[in-house]
Amino acid sequence: MTNPITPPASATPRASQTQLADVSLGAVRTTAPTVEHHDEPLGIGEERPRLSWRVTTGARNWVQERYQLAIRRVGGGTARGAEHGDTTGWIDSAEQVLVDWPFAPLAARERVEIRVRVTGEDGVESPWSPATTLETGLLAPRDWDARFITADGPGEPDGPAPLFRREFTVRKDLLSARLYITAQGLYEARINGRRVGDHVLAPGWTSYRHRLHYQTYDVTELLLPGANALGAMLGNGWYRGYLGYWGARALYGDQRALLAQLELRYADGTEQRVVTDADWSWLPGPVLTDDLYRGEHADLRKEPAGWDRAGHDAARWQAADVLDTDPRILTAPDGPPIRRTETLPAVSLSESSSGTTLVDFGQNLVGWVRITASGGPGTEVTVRHAEVLQNGELATRPLRTATSTDTYTLAETGETVLEPRFTFHGFRYAEISGPPGLAIHDVEAVVIGSDLRRTGWFSCSDPLLERLHENVVWSMRGNFLAVPTDCPQRDERLGWTGDIQVFAPTAAFLYDVGGFLASWLRDLSADQGKDGNVPWFVPDLMPTPSPPTAAWSDAATVVPWVLHERYVDRGLLARQLPSMVAWTDCAARETDETGCWRAGFQFGDWLDPAAPADAPSAGRTPPEVVATAYLVRSAELTSLAAETLGELETARRYTELAERTRAAFAREYVTASGRILGDGQTAYALALHFDLLPTPEQRRHAARRLADLVRSGGFRIATGFVGTPLILDALTEAGEAHLAHRLLAQRQAPSWLDPVTRGATTIWERWDSLLPDGSVNPDGMTSFNHYALGAVADWMHRSLAGLAPAAPGYRSLRVRPLPGYLTRASARHLTPYGEAEVAWRLDDGAFHLSVVVPPGCTAEIWLPDDRVPEHVGSGRYSWSVPYPVGAGAQLQRTTSVRSLIDDEPSWTRLVKLLQSIEGVTFADDRALVKLAVPNLDRSVADFVSRLVADLRPGRGVDAAEILAELEEADPHA
Ligand code: BGC
């Protein structure tokens with residue numbers, strides 16, 4: 001990590017560092033271009049896809065000066081141009097990310113190779129990059145000959161998953177074959193007895209009334225000269241299964257339907273198409289019932305042998321009906337499909353108290369159980385799932401009506417591998433009954449999720465924080481499944497807008513969500529009301545429109561801006577701007593004559609620990625404070641987006657709205673001295689982080705008040721969904737980063753680490769999803785896999801490790817680590833320009849920092865206590881500066897109580913000393929905090945004397961002794 005030519009630590013690291021940051025020579029190479037946000041650009045929907053590339057070079061300060069792109073048509077067509085096909089001229093530009101397509105628009109089914117080469121400021125040309133092959137899918141309704149076919153009559157939302165089939169003949173000179181396919185429901189396609197592709201739960205979930213994804217598979221290898229069979233099985237999925245927490249089903253329609261178009265290309269240039277139409281036939285299949293929430297029942301004896309191969313006797317099969325579905329809803333995906341992403345072995349297999357087999361996978365996850373079972377024809381195998389155990393049994397109450405039970409009836413003697421097809425579960429534990437002699441190696445957990453590319457990593461010296469981070473990653477994996485969901489286990493699993501609004505920055509660091517969330521935003525725009533209102537969840541399912549709701553509906557402005565900030569995606573901003581504008585206008589219409597948004601339903605600071613268990617919106621912060629603050633935020637982001645796109649008049653309009661609302665906020669909710677209505681941490685965090693306080697005086701007071709509230713809360717969490725993602729930033733910006741660390745390091749409930757100390761492997765929905773006695777919170781809304789409160793990981797990346805974007809796409813990095821109580825931390829992120837890394841450690845009285853800045857980027861480097869940053873270009877760097885650990889922390893009698901509280905070791909010591917006085921007991925340290933709060937500005941000596949006098953009047957306990965012990969002991973040792 002350390003650059004060998006970096007000078008040793010010196011008293012003036014800056015001077016020596018800057019000298020080194022000269023351009024030096026190094027070979028420059030470019031990666032194969034990437035296409036939009038696709039990892040696998042097969043069947044893409046863009047006729048003018050934007051291109052990106054990363055440069056690798058050992059040279060420092062490398063910036064692209066020019067680039068050149070080449071295109072070559074492949075796959076049976078004639079090459080366009082010579083060696084590299086057509087090329088653009090050299091284009092003078094430093095842009096490397098999502099640059100506009102410079103060639104003629106692509107046609108449907110066109111396959112081309114793209115390469116790039118670049119020069120830096122020295123004019124030296126890189127070699128041509130490796131080629132990326134991209135292929136467009138079907139781009140318009142006219143490209144589809146296939147019709148949707150069904151086995152279901154209208155009004156019959158039950159019945160086994162149907163099998164569909166069709167035989168056809170393939171000639172010997174087949175060059176290539178593509179299957180374009182989708183379903184109303186879920187499909188699993190097969191050709192000649194083999195599974196097509198490795199997607200699961202395809203076609204995924206979108207706002208089906210407006211958009212339905214189709215997938216493209218290269219199936220050349222599955223076909224044979226002569227007779228072939230194409231088949232598919234259809235499940236209910238999101239289309240026709242139960243969906244939503246109010247018991248609804250078949251929300252999109254009651255007829256499952258298949259759409260498939262197989263296109264064959266032959267060496268002589270001719271084509272053949274096999275498409276779904278009235279010539280297909282169907283038969284009920286072995287999956288008797290299937291539902292995402294309830295699970296699946298398959299009777300394997302009912303699978304007709306060889307149904308997916310040519311030559312099957314189809315006498316019993318019936319003709320399929322053709323449906324009139326509008327092909328304009330068909331669209332190619334922007335992000336990756338759902339796949340099996342990992343398999344986990346069982347960590348224990350035991351007998352439950354009721355005598356069934358209980359399996360623990362050691363990790364709360366999303367997917368299903370794969371069992372290798374034996375037992376002979378007719379044996380029933382039942383698998384039930386739960387996230388936690390209670391009294392040695394599955395705790396299924398948090399599943400509500402999602403019974404999450406898979407049942408199989410075996411068909412054969414010998415071993416059968418069992419996996420469901422059209423369901424998924426959120427679980428750590430499974431209970432299996434039925435198969436005799438099950439051993440631990442017969443059981444594994446299959447993890448599924450949208451197959452996103454990992455781009456971000458974090459590590460530090462506190463193993464509990466590392467586990468917290470790991471839990472965030474697992475909650476993201478479980479809830480990024482076609483759309484970003486709230487939780488994966490109960491009868492909900494919906495695209496709650498508020499949850500992703502707060503989690504998007506964390507998500508965009510950990511995984512490449514550029515395509516995944518762009519797709520979800522298309523759904524958001526599609527589901528947005530004519531009045532601009534954004535539904536509570538997207539895809540929207542509500543029987544009647546949900547009311548405009550602050551911090552939830554604001555996903556319309558926040559998520560596009562986060563994506564632009566992380567991926568420098570102007571195209572996305574341009575596409576979402578009308579939606580941003582419409583939402584902000586809608587929210588603005590909710591304001592009254594005061595200019596604040598005070599009326600109507602709000603979730604408020606949802607799940608503030610102070611809110612009653614059954615009224616999660618009734619926290620400390622008045623909902624109108626949240627709503628008005630978020631209106632400022634949305635107006636500002638809309639203005640920023642418009643400005644980025646050069647729409648200056650729009651930008652001005654929303655800046656004015658932001659200013660007006662900011663003034664209204666201050667007028668209605670903030671006193672002259674900086675107190676804010678509700679006087680809770682979330683209110684201050686919003687006001688400080690969203691910059692809602694007009695005078696420096698008010699800002700100072702608010703910052704101080706927030707810090708005192710955090711102290712007086714005993715460094716326990718006192719914020720919900722809205723305040724929790726902001727509180728550490730607000731403290732940091734207020735110059736109280738040490739308090740941010742205290743909050744994060746807290747292990748007592750409510751805190752981020754409390755669940756970790758109690759064995760959590762994902763982020764819980766509630767601070768007390770498990771109650772202090774270890775029992776499951778009895779409220780029906782209790783999940784153990786909700787990413788929202790894991791939004792804190794973004795602060796860990798940006799501030800704790802110190803790797804933040806200072807310009808869209810991390811073109812400029814802000815490296816500003818906050819050591820706090822840790823001795824090391826690091827973050828690594830694959831930015832659109834290349835890999836960036838920040839790693840620091842405290843060692844030998846010094847702070848050592850190493851940084852990797854990707855080619856094309858710059859960085860501002862803030863060493864501890866810096867008031868101005870140093871600027872560097874791309875390259876690897878390291879710094880070392882003196883950093884005496886624990887200095888200034890030695891306690892004095894004159895130290896203020898405020899500082900005493902802030903110094904965790906001294907404070908804990910005082911608590912212990914007082915507890916040791918005979919007869920004195922505190923429930924916990926918060927009892928002492930309560931006593932300390934009115935005395936924050938007194939000296940420690942004064943406070944301890946008063947305290948001892950109050951606690952033990954006339955019992956001869958000496959305050960001086962306590963003070964002496966407090967001073968003497970070195971609690972930091
Ligand atoms: C969901 C959420 C959501 C909330 C809003 C819950 O049922 O699980 O996470 O944001 O409702 O009220």
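**Notes on cysteines, aromatic pairs and a helix contact**

1. The structure holds 0 disulfides (pairs of cysteine sulfur atoms within 2.5 Å). This is a predicted model, in which local features need pLDDT of at least 70 and side-chain atom pairs count only at pLDDT 80 or more, while totals for chains, interfaces and linings use all residues. Residues are numbered from 1 along each chain as its sequence is written, and side-chain values use heavy atoms, with hydrogens and water left out.

2. For Cys-586, the closest cysteine sulfur is in Cys-596, 17 Å away and too far for a bond. Cys-586 is buried at 3% relative accessibility, where buried means under 20% relative accessible area, exposed over 50% and partly exposed in between (1.4 Å probe, protein chains only). Cys-596 is buried too, at 0%.

3. A search of the whole structure finds 36 aromatic pairs. Rings of Phe, Tyr and Trp (its six-membered ring) pair if their centres lie within 6.5 Å; planes under 30 degrees apart count as stacked, over 60 as edge-to-face and the rest as tilted. Trp-144 and Tyr-180 are edge-to-face, at 6.5 Å centre to centre and 75° between the planes, and both are buried.

4. Tyr-630 and Phe-690 have ring centres 5.1 Å apart and planes at 90°, so this pair is edge-to-face. Tyr-630 is buried at 3% relative accessibility, and Phe-690 at 4%.

5. Leu-465, Leu-468, His-469 and Val-472 in H3 meet Ala-793, Met-796, His-797 and Leu-800 in H15; contact means heavy atoms within 4.5 Å. Helices (H or I, at least four residues) are DSSP runs, numbered from the N terminus.

Technical notes
Helices (H or I, at least four residues) and strands (E, at least two) are DSSP runs, numbered from the N terminus.
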